[in-house]
Amino acid sequence: MSEQTLTVQGKILKIAAYILLGTGMVFFMFAVSSVFMGITPPFLDGFTLFLFGFSLVLGGALLLVIAQQGIIKTEFDTISLIKCTNAPDCKYRKARKFEKDEFVFKELPEPCEKCNSKLHIAAILEVEKKPKKKKPGEEKPEDTLQQLEPAKEPADKAKSKKEEKNP
Amino acid sequence: MQATDINWIFQLVFLGFFFFIFFYNQRMQIWMMQKQIERALFELQQMSNEGKDLLVKLVNERGKPKEDPRERLQSLMDFFTVEPVNMDPAGVIWRLEHILDIRKIRWEKEVAQVAPAASRDVAANIEGTIEAAMSVYFIYKVIRHFLLLGKKTKSLILIMQIQMQLPLIMLIAKAIFKALKAFGSGIPIGDGVGPYVVSGLVREYSKKSPPKITKEYTEDVTLIEQTIEGRNVFIVRATGPGARVGKPGEAIKKLVEENNGKFNRLIMIDAGLKLEGEKTGTIIEGVGAVIGGPGTEKYKIEESVGVKYQLPMDGIVIEESQEDAYGPLNKDLVNAIPKAIERVKQMILTRTSEGDNVIVAGIGNCCGIGD
């Protein structure tokens with residue numbers, strides 16, 4: 001599933017396009033006023049003003065079209081969040097891509113890596129796909145987990161960190 | 001060319017432009033609105049076609065039909081339900097329920113015919129997908145109707161009323177299209193937070209007190225009896241993980257009547273539409289029968305629990321937008337689940353005493369949410 005948004009470049013182009021369109025319209029107004037009311041800036045005649053206005057409006061319209069090319073689609077991924085049935089005693093959590101026939105509270109055949117209890121699907125949800133910054137091998141499913149809840153550190157890890165700080 | 005000549009040209013062009021705007025202003029307005037509607041219609045057509053393709057793929061994959069299901073499914077797209085006459089409102093609820101019942105039976109048979117190999121849960125998902133595809137197709141047809149009628153009659157009012165409502169219509173169509181995709185894959189949707197919360201509650205206490213589960217307590221509804229904090233809690237929810245909503249009102253009515261109204265409180269949990277500016281996943285509390293739909297189930301709860309036995313009814317609503325309600329669960333809603341469970345626990349603890357009988361009902365579509 002996807003939603004449409006403008007990229008930053010697209011947004012900048014859009015603003016530039018509106019500025020050009022606005023300036024072009026002002027030139028047009030001067031051109032009209034020079035013809036009907038005789039108010040003409042000293043350095044430009046009505047025809048030149050008209051030409052300037054026309055080119056600016058044309059340029060603005062062109063930029064608007066180009067800005068639309070900057071539309072990017074936000075992609076979404078459906079993930080299954082796996083937890084141990086022994087939670088909250090066991091903190092094991094894992095997120096992976098949703099697979100066919102999975103549902104919330106479905107018990108999985110594989111046991112928990114930490115306590116050997118049964119695993120179940122605790123949630124199935126849609127998350128926004130993030131642009132890949134890391135190499136494919138370096139991606140961690142835990143990145144998605146952190147969006148869901150603040151992960152509590154296992155007691156032993158927290159202890160060792162404390163010891164590091166206060167030896 | 002002299003300056004005066006240019007001025008003359010400008011004068012003529014301007015006069016021409018002035019008269020053109022004077023006489024064709026409305027036509028231009030209609031044309032611009034038409035173009036806007038045509039663009040939206042194209043998008044709707046794409047959604048409708050994609051939805052139908054997804055449906056055919058799902059039926060072929062999971063239902064193993066003997067013949068090409070396209071024709072049968074296309075005929076289902078135009079399926080209609082006539083609402084009961086309400087000039088004489090007496091008994092309209094039961095007449096409406098009857099029509100909804102026969103509609104459901106008809107759909108189940110149609111799905112069984114078109115997808116004979118589908119399991120009960122998959123069949124429910126196919127039913128949900130057909131309904132969503134039908135809704136998108138219906139929106140497409142209505143917009144097309146008004147566009148063509150507006151073109152035919154050159155009526156500004158016809159074109160204008162569609163163009164002005166277009167953003168809202170497109171929002172609804174996109175939301176339903178999201179539901180279509182979710183039903184097709186069996187992914188939980190935002191509307192399912194009610195059953196999700198009650199099942200989460202059951203799991204939290206299942207070690208202390210093993211639950212007694214009665215599947216099909218009433219049609220498509222599961223009853224779970226469990227002791228929570230010393231209270232006898234009767235949990236009602238639609239049977240999952242198929243895309244069903246069941247008849248929770250019927251189940252609550254049956255439960256109350258079987259026990260001669262010996263209950264102390266009814267707590268209902270449901271998804272509710274948020275107002276713009278409110279945060280998705282906000283949990284709010286109130287009183288009354290917290291249930292949407294056509295009104296038949298709400299009526300049963302109000303009549304049996306409220307009027308007959310005078311039981312207090314509490315409600316917990318998890319706020320979400322229409323798009324969230326139809327679309328797959330998102331992180332805001334998933335993060336709201338433990339908080340909602342905590343609220344239900346608090347409600348049980350503070351508003352009931354040990355030994356009390358309490359009904360907790362999780363209302364919503366159970367697509368992708370197991371019991």
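**Core packing, domains and backbone geometry**

In this predicted model, B:Val136 touches B:Met47, B:Ser48, B:Gly51, B:Ala173, B:Ile176, B:Phe177 and B:Leu180, when residues up to four places away in sequence are left out. B:Val136 is also one of the residues with the most contacts inside the largest nonpolar core, which has 116 residues. Another core, of eleven residues, lies apart from it and includes A:Leu13, A:Leu20, A:Phe27 and A:Phe50.

The helix α4(B) has 34 residues. From its first C-alpha to its last it reaches 49 Å, close to the 50 Å expected at 1.5 Å a residue. Just after α4(B), B:Lys154 takes a positive phi of about 50°. B:Lys154 lies in the loop between α4 (120-153) and α5 (156-185) of chain B. This residue counts as exposed because 11 other C-beta atoms lie within 10 Å of its own, where the cut-off for exposed is 12 or fewer.

Chain B is assigned two domains, domain 1 (7-185) and domain 2 (190-362). Taken over C-alpha atoms, the centres of domain 1 of chain B and domain 2 of chain B are separated by 32 Å. In the contact between them, 19 residues of domain 1 of chain B meet 13 residues of domain 2 of chain B. On the side of domain 1 of chain B that touches domain 2 of chain B, the elements that give two or more residues are α3 (92-114), α4 and α5 of chain B. Of these, α5(B) gives the most, with nine residues. By class, this side of domain 1 of chain B has eleven nonpolar, two polar and six charged residues.

The contact between the chains takes 24 residues from chain B and 21 residues from chain A. Elements that give two or more residues to the side of chain B that touches chain A are α1 (3-63), α5, α6 (193-205) and α10 (331-351) of chain B. The largest share of this side, six residues, comes from α1(B). The residues on the side of chain B that touches chain A divide into twelve nonpolar, nine polar and three charged.

Most residues other than glycine have a negative phi, and most peptide bonds are trans. In chain A, A:Asn116 has a positive phi of about 70° although it is not a glycine. A:Asn116 is found in the loop between β4 (107-111) and β5 (118-128) of chain A. With 10 C-beta neighbours inside 10 Å, A:Asn116 is classed as exposed. In chain B, the peptide bond from B:Gly240 to B:Pro241 is cis, with omega near 0°. B:Pro241 is located in the loop between β3 (231-238) and α7 (248-258) of chain B.

Key
Residues are numbered from 1 along each chain as its sequence is written. Chains are lettered from A and ligands numbered from 1 in the order in which they are written. This is a predicted model: local features need pLDDT of at least 70, side-chain atom pairs count only at pLDDT 80 or more; totals for chains, interfaces and linings use all residues. Helices (H or I, at least four residues) and strands (E, at least two) are DSSP runs, numbered from the N terminus. A residue is buried if 20 or more other C-beta atoms lie within 10 Å of its own, exposed if 12 or fewer, and partly exposed in between; C-beta atoms are placed from the backbone. The expected span of a helix is 1.5 Å times one less than its number of residues. Two residues are in contact if their C-beta atoms, placed from the backbone, lie within 7 Å. Ala, Val, Leu, Ile, Met, Phe, Trp, Tyr, Cys and Pro count as nonpolar, Asp, Glu, Lys and Arg as charged, and the others, Gly among them, as polar. A nonpolar core is a set of buried Ala, Val, Leu, Ile, Met, Phe, Trp, Tyr and Cys residues joined through C-beta atoms within 7 Å. Domain bounds come from an automatic or database domain assignment.
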